[in-house]
Amino acid sequence: MPQESIEKTPEEYVKDLFKNMEIKNPKENAVKFYANMFFYYSMYDGAADKAKAKSRFEHMLGIIVEEMKQ
């Protein structure tokens, strides 16, 4: 019997969180959430205006959360 790896990818971890929160389409939403989070982390790191980058991330996060509620 093969052993399951205890290590999860970030997408798998977020998918499990969303599944436990009873969010519809947990895998799809986990990918959408994590992809945007990773993108904005990268953008923030190279941004001259960190406040603007943070504001853009917060705006996008709000959109994602609203989509998940539907």
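**Helix packing and the nonpolar core**

Helix α1, residues 10–20, packs with helix α2, residues 26–46, at an angle of about 125 degrees, and their axes are 8 Å apart. That angle makes α1 oblique to α2. The crossing of α1 past α2 is right-handed. Keep in mind that this is a predicted model.

Why those two values? Two packed helices are described by the angle between their axes and the distance between the axes.

Now the contact itself. On the α1 side we have P10, E11, V14, K15, F18 and K19. They meet P26, K27, N29, A30, V31, F33 and Y34 in α2. Sort the contact of α1 with α2 by class: eight residues are nonpolar, one is polar and four are charged.

Take A30. Which residues does A30 touch, not counting residues up to four places away in sequence? E11, V14, K15 and F18.

Next, the core. The largest nonpolar core has six residues. They are V14, F18, I23, A30, I64 and M68. Helix α1 supplies at least two residues of this core, and so does α3, which spans 50–69. As background, nonpolar side chains in soluble globular proteins tend to be buried together.

One more residue in α2: N36. Is N36 buried or exposed? Its relative accessibility is 19%. Buried means under 20%, so N36 counts as buried. What does N36 contact, leaving aside its neighbours within four places in sequence? M60 and I64. And I64 is also one of the residues of the largest nonpolar core.

Conventions: Residues are numbered from 1 along each chain as its sequence is written. This is a predicted model: local features need pLDDT of at least 70, side-chain atom pairs count only at pLDDT 80 or more; totals for chains, interfaces and linings use all residues. Side-chain values use heavy atoms; hydrogens and water are left out. Axes are lines fitted to C-alpha atoms, for helices over the stretch in contact, and angles run from 0 to 180 degrees between N-to-C directions. Helices (H or I, at least four residues) and strands (E, at least two) are DSSP runs, numbered from the N terminus. Angles under 35 degrees count as roughly parallel, over 145 as roughly antiparallel, 65 to 115 as roughly perpendicular and the rest as oblique. A crossing is left-handed if the near helix is turned anticlockwise from the far one by less than a right angle, and right-handed if clockwise. Contact means heavy atoms within 4.5 Å. Ala, Val, Leu, Ile, Met, Phe, Trp, Tyr, Cys and Pro count as nonpolar, Asp, Glu, Lys and Arg as charged, and the others, Gly among them, as polar. Buried means under 20% relative accessible area, exposed over 50%, partly exposed in between (1.4 Å probe, protein chains only). A nonpolar core is a set of buried Ala, Val, Leu, Ile, Met, Phe, Trp, Tyr and Cys residues joined through side-chain atoms within 4.5 Å.
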